[in-house]
Structure formats: C-alpha cells, structure tokens
Amino acid sequence: MITYEWLYVLAGAFFAIWSALSLRDRRWGNGAFWALLAASFLLGSHVSDIVNGLLVLAMVAIAGAGGLKRSDPPTTSAGQRLDFSALLGNRLFVPALIVPITAVAGTLLYNYTPLNETALFEERRETLILFGIGVLFALAAAMVWLKPPILAPAEEGRRLLDSIGWAAILPQMLAALGAVFALAGVGDIIGTVAGGIIPQGSVFVTVVVFALGMALFTMIMGNAFAAFPVMAAAIGIPLLVEQYGGNPAVIGAVGMLAGFCGTLMTPMAANFNIVPAALLELKDQNGVIRQQIGTAVPLWVCNVAILYVGAFLLWN
Amino acid sequence: MNHWPLLGIALVVFGFALRFNPLFVVAFSALVTGVLAGLDLVSVIEALGKAFNDNRYISVTWIILPVIGLLERYGLQQRARALIEGVRGATMGKLLVLYLAFRQLTAALGMKDIGGHPQAVRPLVAPMAQAAAEKSHGELAEDERQKVLAMAAATDNVGLFFGEDIFFAIASILLIQAVFESAGYPLTPLQLSVWAIPTAICAFLIHGSRILALDRRLGKAAAGGGVR
C-alpha cells in the first residue's frame, strides 16, 4: 500500500537535492535550511519528538538570522523564452495540466470504481499521493519532450523555492503552533471570554458576536478549522441553538464561512496569502490581503444576514 | 482560569506587526504559550516537533516546483500571455470573473486541486490577467501591475473558499458535522452544504464586481496618464 511515508521520502529527496545545489552555489544558509527540511522528511518518522523539535528550532534560527537568500541559477533569457513559446505553442500547457488531471481524475476513478478494493493507497490519502504521481509523470513528459540539461528541473525548482524562502514552511509551522495552542487550552480560554461578553436576550447581537468571533479567531489562528470547534462550543451551540432555538445546519455552515472571511484578511493564513505574494514576487508581503479585504468585509456582513435570516426568521 | 496563555496570541500579533521573521515569531510564541500554560520547556519543544512532523504533508506540495520552473524556462508564462493577446475582446475583468466562476464551480464539484498558487496562478492566471490588462489599457505602472497580480491570487482564494463548502465531502463540512454530532445534533453533510450556496452567490457578486471595478480604475489611470 502506498502511504504518505512514500511521499515524504520523495519530498525529502527533492529537498536534499536543493540543499546540495545550494551548497555547490556557496549559499550556506540555504543549503543548511533545506538539508534540515530534507532530514525532517526522510528521518522525521524514525526519531523522537525532541529531535524533531530541535530540528524545527534550528530551521527557525537560520531563517530568523536572515540566512536564506534568493538564488539565481543559470536559465534562459526573456528573449529565448519568447522564441521557445512561439516554437512550442500551446502544447506547453500539457505537462502543466498533467498534475491536476492526474490528481482529480485519479481520485474520482479510484473512489468510484472497483479500484478502491485494491487498497492501493492509504485511506483518504489518495489525492495527495496521486498529486505526487502526477508530478513524476509531468516531469518525465517534460524531460523527454524538451530534452533540457539534466539538472535544469532541479535548478529551476531551486530558483522558485528560494524566491519563496522561509515562507515555504510557514504553513506547516502554523499548523504546529495550532497544536501547541490546543495543548495550552487557548481555545477554551477564548471561548469563555467570548461567551462572557454577550448581553442576554438579543438574538441578533449574539449572531453578530458569533460571526465576529469566528472571523477574529480565524485571523489569529490562520484557519477557520481551529476557530470553529471553540466558537461552536462557546456560543453557537449553547446560545444560538439551545437557548434561542436556531437552525443548527445554518449556524454550523454559515458560521464556518464567516470564519473563511477572516482567512482572507490574515497573514497567518500563509499558504493562501503570504506564499502567493512571494511566488508572484510582489513588493508588499501583504499585497494579496489588501486585494481581499474589500471582498471579505462585505461578504462577512452578508454571512451575518444569511445566518440571522436562515437560522431564525425562516426557521421559527 | 489561567488567562496567561493568551499572551502567546499577543506575541504573534505584535511580532507580525513589527515585521520580525514570521517563522521566528510563530516558534517563539509556541514556546511562550506552552510555558505559560504550565508545561515545561522540553515538553513544549517535543509537542512542537511532533506537530511539525505530523503536518509534513502540507509542505509536500512544493515538489511541483521543478515542473513549473522547467516549463517557465521554455516560455510557459509567455505562452499564457500570447494566448490571451490572441483572444479578441479579452479584458482583465472578463478573464478573472470567468476564472472566479470556474474556480467556484470546480471546487463545488470537489475538484479543489485544479487551481492553486504554485500550479495555476503564478504560471497561468497572473500572466494572463496582466496581458489582458495591458491589452486594454496599455503598459501598466508598476504599482498597478502589482495590483493586477495580487487580484489574480485573491480571485483564486475567493473562488476556492466560497466554492468548496458546496461539495459535501470536504474537510470543513465533515468538521462541522462532527462538532454538532458530539453536541447531540446529528446533521447530514448535504444539509450543511446547501447552506453554503447563498454565501457562494454573494461572494461571486461582490468579488466579481470588485474585479470589474479594478479594471475600470486601471482604464482611468491609463487615460489620465495619457492626458498629461
């Protein structure tokens, strides 16, 4: 059976190659950082928690000291790229489409045909595993078709990876922070505080506090999944459903979406907001968030209205 | 109740606001929060290490970078631009509104992996949006160009967030179901996912009109520049 562990070995090998190329390029900080990440992928399942913890702290130390720099491996010029683009035409899109098509079509095929009886993939892990397989297909296709120098995919990948830099592991780091927050009981404390500030008797005010709590706590934690159980336990279920008799399906579904409005407005949602700013080489790290606030705020207001109308006015 | 762990949240907010390295801010806040909650430092480091290790699947997605980089070496971004330049009547507004609808619909059908920033926005959507904007408004000033790129990324996010919950077998719907079930309110995923539709429609109308407004503003800026 193919499990996540296979993907970790694959990714570990990629990061190890990027580390070696960085060292060859005399970028010691980058080399050390990607070597530690490679070690985490290759050995993380076999060493103790404290070793993994120290590995994390070492990566943080390198990033915090400014040890990661952009890199500039040799590549084609803008003029050559235009020529290639004219020569190769729209067929260039084909390798790029192999990855999502393998992931999406493969997932559908695996789940809705007898294929899933083969138990080829670890349960509920098939999409990401198929994504990895798609990457290998696409790489093989592009290598055979374009015949680039053998190190070209690694060097081009390194250019992109180094333009993302430390932000590449920020989403994973934030997930780890969420786990430590949960261990420290941060969610329960916030729930108690939020539950304590609501005036008695006003359904509408309670709806607003619930939706606001979802958005704000999501902004702090970087994702609505951490906020939802806390706000549901503090306000959604005891007050909106039990005390005021609201429709639980609306309160759950639209409460979560109010949290998603918060996701659009926070640098803590790094993979959606900070990583693309790095990938697009924006001058302003918060440039994507700036374009999203104008959508998120009115949409949050819509969610409050939908919650109030759907869960109370239409329900009772 | 011990309220001190909340200081960890304050550290994150101030650390980000003061523009310290975010990785450093997050790790420092995790250590402080754990210690303030009464855990010893070694157990906090262990918890951080275990959680980081358990979440490695998040960073696996970077293995796509060699594919994107290799295709960019052979002119993928230039090809994306050329494709838009060849379409008569293509504007940035129409293009991004169409992408918003495409992203919402495919996500609503469970195909949320079809877009995304490394695999779709950087190599395709952003260069296409820039090409379409330049086609109707001429060369863009640098800050205008950056706004167009940021709007392309924002459109991917909005389309994903407010499409995916219409699909009933998605993590967030299952989480809502689990939370309500453990409180004694069994709900079906379908009951929940239909209530994502009104918000999805609002998201399309609000974000779609903001895209079109940005396109019009670019036009004014370009025309204003022409008069001078």
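Among contacts in chain A between residues at least 6 apart in sequence, a contact being a pair of C-beta atoms, placed from the backbone, within 7 Å, 74% join residues at least 24 apart. The model is predicted: local features need pLDDT of at least 70 and side-chain atom pairs count only at pLDDT 80 or more, whereas totals for chains, interfaces and linings use all residues. Residues are numbered from 1 along each chain as its sequence is written, and chains are lettered from A and ligands numbered from 1 in the order in which they are written. Chain A contains 14 helices and zero strands, where helices (H or I, at least four residues) and strands (E, at least two) are DSSP runs numbered from the N terminus. Along the principal axes, the C-alpha atoms of chain A fill a box of roughly 70 × 45 × 45 Å. Of its 316 residues, 53% count as buried; a residue is buried if 20 or more other C-beta atoms lie within 10 Å of its own, exposed if 12 or fewer, and partly exposed in between, with C-beta atoms placed from the backbone.

Helix α1 of chain A covers residues 4–24, and its 21 residues should span 30 Å at 1.5 Å a residue, the expected span being 1.5 Å times one less than the number of residues. The end C-alpha atoms of this helix are 30 Å apart, which agrees. The buried residues of α1(A) include Leu7(A), Tyr8(A), Ala11(A), Phe14(A), Phe15(A), Trp18(A) and Leu21(A). An α-helix has 3.6 residues a turn, so residues three or four places apart point the same way. Within chain A, the buried residues of α1(A) pack against α2 (28–43), α6 (126–146) and α7 (152–164); in chain B they pack against α4 (57–60).

Two residues other than glycine have positive phi values and lie in loops of chain A. Arg26(A), which follows α1(A), has a phi near 60 degrees and is placed in the loop between α1 and α2. With 8 other C-beta atoms within 10 Å, Arg26(A) is exposed. Ala119(A) has a phi of about 50 degrees and is found in the loop between α5 (93–112) and α6. Ala119(A) is likewise exposed, with 10 other C-beta atoms within 10 Å.

The two chains meet through 112 residues of chain A and 95 residues of chain B. On the chain A side, helix α14 (residues 287–313) supplies the largest share, 13 residues. By class, this side has 82 nonpolar, 24 polar and six charged residues; Ala, Val, Leu, Ile, Met, Phe, Trp, Tyr, Cys and Pro count as nonpolar, Asp, Glu, Lys and Arg as charged, and the others, Gly among them, as polar.Helix α8 (residues 170–183) of chain A packs with helix α3 (residues 41–54) of chain B at an angle of about 135 degrees, their axes being 8 Å apart. Axes are lines fitted to C-alpha atoms, for helices over the stretch in contact, and angles run from 0 to 180 degrees between N-to-C directions. α8(A) and α3(B) are therefore oblique to each other, given that angles under 35 degrees count as roughly parallel, over 145 as roughly antiparallel, 65 to 115 as roughly perpendicular and the rest as oblique. The residues of this contact divide into 11 nonpolar, one polar and no charged. Leu170(A), in α8 of chain A, counts as buried with 28 C-beta neighbours inside 10 Å. Residues up to four places away in sequence aside, Leu170(A) touches Ala270(A) and Ile274(A) as well as Pro22(B) and Leu23(B).

Val56(A) lies in helix α3 (residues 49–64) of chain A and is buried, with 26 C-beta neighbours inside 10 Å. Not counting residues up to four places away in sequence, Val56(A) touches Ala27(B), Leu48(B), Gly49(B) and Phe52(B).

Helix α13 (residues 270–279) of chain A and helix α8 (residues 117–137) of chain B pack at about 45 degrees, with axes 10 Å apart. That angle makes α13(A) oblique to α8(B). Val275(A), Pro276(A) and Leu279(A) in α13(A) meet His117(B), Pro118(B), Val121(B) and Arg122(B) in α8(B). The residues of this contact comprise five nonpolar, one polar and one charged.
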